[in-house]
Amino acid sequence: MSLYEYRHTASPQEAADWTPRQQLLTDLRAVGGRAYPRVTGMFREISWLFFELLLPFLSTSAFVFVYRALQAPPEYVGFVVLGGAMTAFWLNVIWMMASQLWWEKSQGNLELYFAAPMSIMSVLFGMALGGMVMSSTRAVIVLVIATLIYRVQFAVDQGPLLVIVFLLTLAALYGLGMMLASLFLMWGREAFHLTQMLTEPVYFVSGLNFPVVRLGLLGALALATLPLAVGLDAMRQLAFVGAAFPIGTPPPAVEALILVVMTVVFLGAARWMLRTLERMARREGRLSVRWQ
Amino acid sequence: MTVSVDPIDLAGLGSPAWGGFDSARTRGRGVRGLWQSFRTAAHLGWQMEANWTDPLLFFIYSVAKPLSAALILVVMLDIVSGGADPAYRAFVVVGTALWSLVLAGIAGLAWSILDDRERYRMLKYLYVSPSDFLVMLLGRGVARLAVGAMGAVITIVVGIAVLGVPFEPAVVDWPLLVLILGLGLWVIVAVGLLLAAVCLQTRQESWSYPEAAAGALLLVSGVVFPLAVLPTPLQAIGLVTPLTWWMEGVRHAAFAEGPSSIGGPGSLWLDLTGSAAPEAWTIVLALLATGVLVTLGAIGAFRASERRAKDRGLLDRTTGS
């Protein structure tokens, strides 16, 4: 039987009383439905190939040339390339996850999301999945091209752990994005400015182009709170084994555990915040108030 | 948000004293009308940029981005060279500070298009208003440029006060500095116009395009390293980019003893001219020449984009993903 096929019920309450299977399937469809425009959008307008692939590669190259101008050891070039690839995910998280619910509110879609018979978390999961596809494309291309052009030598010791750390970094990053989505919605117009403030300052404290341990206490704080900082540090330790750079951060396995904790905390917080926000928004009637 | 309107202007909206139709109004009021459009758009842009929060938070927001960009490079320098060369430190701090101005200027115009079309859905109304669309857009962009300028100045001050950037006011060539800064602002607006032309055609996700374009220009403009480090073809591209000459001009005027971003050992400039670094008059002429080319290209691109947007109904399009 189709999920949405008519079935005779005695009352509206009975009709609204969905089975767990119906709820799950609807939520899964919502995930797919929300991811769809992000993936399809990649093929609808090809300007992103130039602006999201070529230009970020050139931007990453600028930092490679800074190290070359300073005659830095070659592994530092590798750091920059890895950091440049990971920025794709961070930019996606702050621009297309954290700010997204606020955009949707401005465009008049948010009230439709809340009125639809699905969990709003599935909308966020869908956005995250679609965003990951977009960002992974950019990250892989920047990584591959830059590695080939600048002859980056990776020295990978524990491949499976590297893959696990990468996936955990994505999970924690997008979990943070889901959490920020509620906060940004609450902060309103301020969110747009916060989006910008979360770019370079986060790159700096995360040690995007240099080992984060160099920042001392600030670096330690970043490792405890920012998935980008922990993930990058763990990936560098695993991808450039034996490289001459300052050590002092926890080993990759410990950083993987930190990422697990971050993922759980961020996802839990995102769920709680969404529920709280929905309750507040319904009570105060602000779901459809735009541009504030 | 409220925009104050001069009562005299409101009085001018009434019928002429003789009660008929004043056809001159349909032709606009020439330079005075353009100036009024620009002024109103700049005021509106500033209100939109600055009225969302308290001044302290606004200040932090304006400064955090450029300062962090400078700190990233300072730490990179320190890690590799121990920060031994203060001249090179000045090079990167000044470069990143000025670049925040470039970024703000480029993004200002492009984001005005996206703001008004995608978020506020006002672009079509603004377009059909009696104001000149281009002038209005420039006015909106000026507000973000002002925020960027504030960030750039504070980053340089922090660089001098905290990061050890050597600065001697007595040796600064102030007239050259003022001239170069003025020409630079004009070039930044021209590049911003080019990006606005692109964003008129693209979808909502083009919020990140100005930043991506600025990131790419960073490579060839001698912002954080001398052009001599680059392969020769990229150096050649850098030499025809007005922002390269702007950077060199500011450094030449304010930090004459520091390294040149254009010349130096191994540079294409040295090969072509035989001189270690360009003279002041060469910098001004090159900035003027390349700036004129970029401006003409930007205006042409914007007008073409505007025509295409009208043809295809892009002025009231909203997108999303």
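The predictor's confidence in each residue is given as pLDDT, on a scale from 0 to 100. Chain B averages 86 on that scale, and 91% of the residues score at least 70. This is a predicted model, in which local features need pLDDT of at least 70 and side-chain atom pairs count only at pLDDT 80 or more, while totals for chains, interfaces and linings use all residues. Residues are numbered from 1 along each chain as its sequence is written, with chains lettered from A and ligands numbered from 1 in the order in which they are written. The model scores ipTM 0.83 and pTM 0.83.

Helices here are DSSP runs of H or I with at least four residues, strands are runs of E with at least two, and both are numbered from the N terminus. Where pLDDT is low, the predicted coordinates should not be read in detail.

Now for the folds. Chain A has 13 helices and zero strands, and its pattern along the sequence reads α-α-α-α-α-α-α-α-α-α-α-α-α. Its radius of gyration is 21 Å, close to the 19 Å that the globule rule gives for 292 residues, so chain A is as compact as a globular protein of that length. That radius is taken over C-alpha atoms, and the globule rule is 2.2 Å times the number of residues to the power 0.38. Along the principal axes, the C-alpha atoms of chain A fill a box of roughly 75 × 40 × 40 Å. Buried residues make up 46% of the 292 residues in chain A; a residue is buried if 20 or more other C-beta atoms lie within 10 Å of its own, exposed if 12 or fewer, and partly exposed in between, with C-beta atoms placed from the backbone. Of the contacts in chain A with a separation of 6 or more, 81% are between residues 24 or more positions apart, a contact being two residues whose C-beta atoms, placed from the backbone, lie within 7 Å.

Chain B comes to twelve helices and zero strands. The radius of gyration of chain B is 22 Å, close to the 20 Å from the globule rule for 321 residues, so chain B is as compact as a globular protein of that length. Its C-alpha trace spans about 75 × 45 × 45 Å along the principal axes. In chain B, 46% of the 321 residues count as buried, and 80% of the contacts between residues at least 6 apart in sequence join residues at least 24 apart.

Where the chains meet, chain A puts in 42 residues and chain B 38 residues. Helix 3 of chain A brings the largest share of the side of chain A that touches chain B, 15 residues. By type, that side of chain A divides into 24 nonpolar, ten polar and eight charged residues. Nonpolar covers Ala, Val, Leu, Ile, Met, Phe, Trp, Tyr, Cys and Pro; Asp, Glu, Lys and Arg are charged, and the others, Gly among them, are polar.

A nonpolar core is a set of buried Ala, Val, Leu, Ile, Met, Phe, Trp, Tyr and Cys residues joined through C-beta atoms within 7 Å. The largest such core holds 185 residues, and those touching the most other members include A:Val66, A:Met97, B:Ile106 and B:Ala110. Helix 4 (residues 86-119) of chain B gives the most to this core, with 20 residues. Leaving out residues up to four places away in sequence, A:Met97 touches residues including A:Met127, A:Tyr174 and A:Met178.

Helix 4 of chain B is mostly covered, with 31 of its 34 residues buried. This helix bends by about 30° at B:Gly108, the bend being the angle between axes fitted to the seven residues ending at a residue and the seven starting there. Just after helix 4 of chain B, B:Arg121 takes a positive phi of about 55°.

Chain A has positive phi values too. A:Gln71, in the loop between helix 3 and helix 4 of chain A, has phi near 55° and is exposed, with 8 other C-beta atoms within 10 Å. A:Arg151, in the loop between helix 7 (120-149) and helix 8 (159-187) of chain A, has phi near 50° and counts as exposed, with 10 C-beta neighbours inside 10 Å.
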